[in-house]
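Reader: I would like a close look at a single part of this model, the place where the two chains meet, with the cut-offs behind each term spelled out.

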Amino acid sequence: MTETSDQILKRPARESWFSRFQVVALGALTLVAIIGKFYLPRLIPNTEWLELPLLLTIYFGLTRRNQIAALLFGAFVGVAEDSLSPANLPIGMYGITKTLVGYFAASVSVRFNVENQFMRLVLAFFFYFFHAFFYWVMRRALLGQIVPFDPRETLIHGGLNALVALPLFAILDRMRVSGSTS
Amino acid sequence: MEGLLSRYRNLTVLLVVVVAQLLYLAYQVKTNRDERLIRVWAVSAVTPMAGIVEAVRHDTIGFLQDYFILLDVREQNRKLKADNDRLRMENVYFRNQLATAEHARALILFQQQTPSKTVAARVIGNSTVATAKAVFIDRGSTSGIEREMAVVTPEGIVGKVVAVYPLVSQVLLVTDPTFKVGVESQKGHIHGVLDCGSGKCVVEQIQNEDKVDVGEWFFTSGEDRIFPKGFPVGRVVAAEPGQGTKNVALNLSGAPGGAEEVLVVLKGIHQPIPAAAVPDDTPVTTLMPPTPELETGGAEAPKGQTQADKIVQKYAEIGKQENHVFGGVGSAIPNFNAKPASAPKPTAAPVAAAPASRQAPTTAPTTPSRPGILGARPNAPAVGPNTKPEPVLPLGAPRRKPPAGQPPQQQ
């Protein structure tokens, strides 16, 4: 057995998962997440706080551990969200925010054990707050729009998103494992 | 340089992507131009899927409920609800018209004006921005919808159209922080600007000197050139003096975020702010104004309408004043040249009726008492439709009872 074949055998499961389902799975998941945000509040009232595209961006960054891929994925998801935002908000607001989230998530995953559930909970909560706060700052600073920012509400929503992130990440992990073994 | 870039490759890519988006964003803000192509692509890609999901959910759940649980009650209910919404919308218009002025004038106004032309639409999705309050509706440019059109429900205002696509449109709700609406109070006609940006709706730019009462209604003023004048906005829940301007909190009458079906105003027509009537949910049993008899009390005898009636009334009062029994035997002839103690006053036109009296008469219209007939016996029974009228005798002529079995004498 050569050194190269040893490296291929020892490659982490996530690598093979992303290489195999990169285009189809990511595209489908992104579409589902965006449609979920678009449609879910109509189906289930009072679910506007659920940020599925953001959670997907965080998961991609944490598991991919590639900063460039993560930031590009975040930019793609953000611009897609921007294009469905109200017409008085220019395209790029969510794009920039999610670019940064993707980059930082991938950066964090290099230094910490992101397979730990508690760590995932904390990171999901932190990135949600960062995302909401940075978006509010950009809206205020770049567009001059005076929009309210309720820290308490944002913290609660962050906690709820972090709670949703745990089972969601677990499901995606399962899909990743089944994708790598298939 | 190349080594530096390869060393900080990730950071460089991050900066490039962020700066590129910043420049693109600055370009949009600078030119105030909406990138329609990207939005059309995204909306065209997402809304059909959302529509399919909604249709599947609606059809599957609706099928079970329609055929296994409630048969066709659901469909009937939907139609009735649509009819009810339309009628309530018309009702608001009629109420406004009838409450602003007297009935004849309101009718003339009604004839001259036509109600706003609207098209019904269903909300199919929300915006992706949690802090921005916007929804998508299933009507687009093919239905005649254009930007800046008002969106309302029979209960109140909802928002305005900010983007139009062929089959869907995007509506910015009044609860969005960037949305302002020109409003006008009902009683004092105080103008202000509605702002729901801080989570609760307030009316800005109202001076402390202006009088605004709690419970008072605010209507659209039409100054924003989006909402036609006269649509109900909400009721004042708090009005306190503030620093420079009054703090007026409003409770929206419509439910912009929870509206399932809305009306897009294709052609808005301004309506006057109603003077006192409040468009609420109290049922209206009739839209016709009360008759003059009802407005003046109903049970009272009608005042003289013609000159002959006035003379009859005057003579009746003189006879009563001088204890004369009309038709009585041996009664002294009264002096009809004397002035009666209470001269008949000209009746005032019933113009300022209370708003409640303009509502439906809850009591059955009472038959006005007969005008007194000169020469008739006091306390004579009312003349029924089949009874033979008594002959009118000359003034002061003695009246004798006819013998039994003989008809009264005709003169």
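Author: Axes here are lines fitted to C-alpha atoms, for helices over the stretch in contact, and angles run from 0 to 180 degrees between N-to-C directions. The model is a predicted one, in which local features need pLDDT of at least 70 and side-chain atom pairs count only at pLDDT 80 or more, while totals for chains, interfaces and linings use all residues. Residues are numbered from 1 along each chain as its sequence is written, and chains are lettered from A and ligands numbered from 1 in the order in which they are written.

Taking residues as in contact if their C-beta atoms, placed from the backbone, lie within 7 Å, the contact draws 37 residues from chain A and 40 residues from chain B. On the side of chain A that touches chain B, two or more residues come from each of α2 (13-43), α4 (67-82) and α5 (93-111) of chain A, where helices are DSSP runs of H or I with at least four residues, numbered from the N terminus. That side comprises 25 nonpolar, eight polar and four charged residues, with Ala, Val, Leu, Ile, Met, Phe, Trp, Tyr, Cys and Pro counted as nonpolar, Asp, Glu, Lys and Arg as charged, and the others, Gly among them, as polar.

Within this contact, the axes of α5(A) and helix α2 (residues 9-31) of chain B come within 9 Å and cross at roughly 170 degrees; the two helices are therefore roughly antiparallel to each other, a term used for angles over 145 degrees. Among the residues making the contact are A:Ile96 and A:Tyr103 of α5(A), and B:Val18 and B:Leu22 of α2(B). By class, the contact of α5(A) with α2(B) has eight nonpolar, three polar and no charged residues.

Definitions and conventions. Two residues are in contact if their C-beta atoms, placed from the backbone, lie within 7 Å. Angles under 35 degrees count as roughly parallel, over 145 as roughly antiparallel, 65 to 115 as roughly perpendicular and the rest as oblique.
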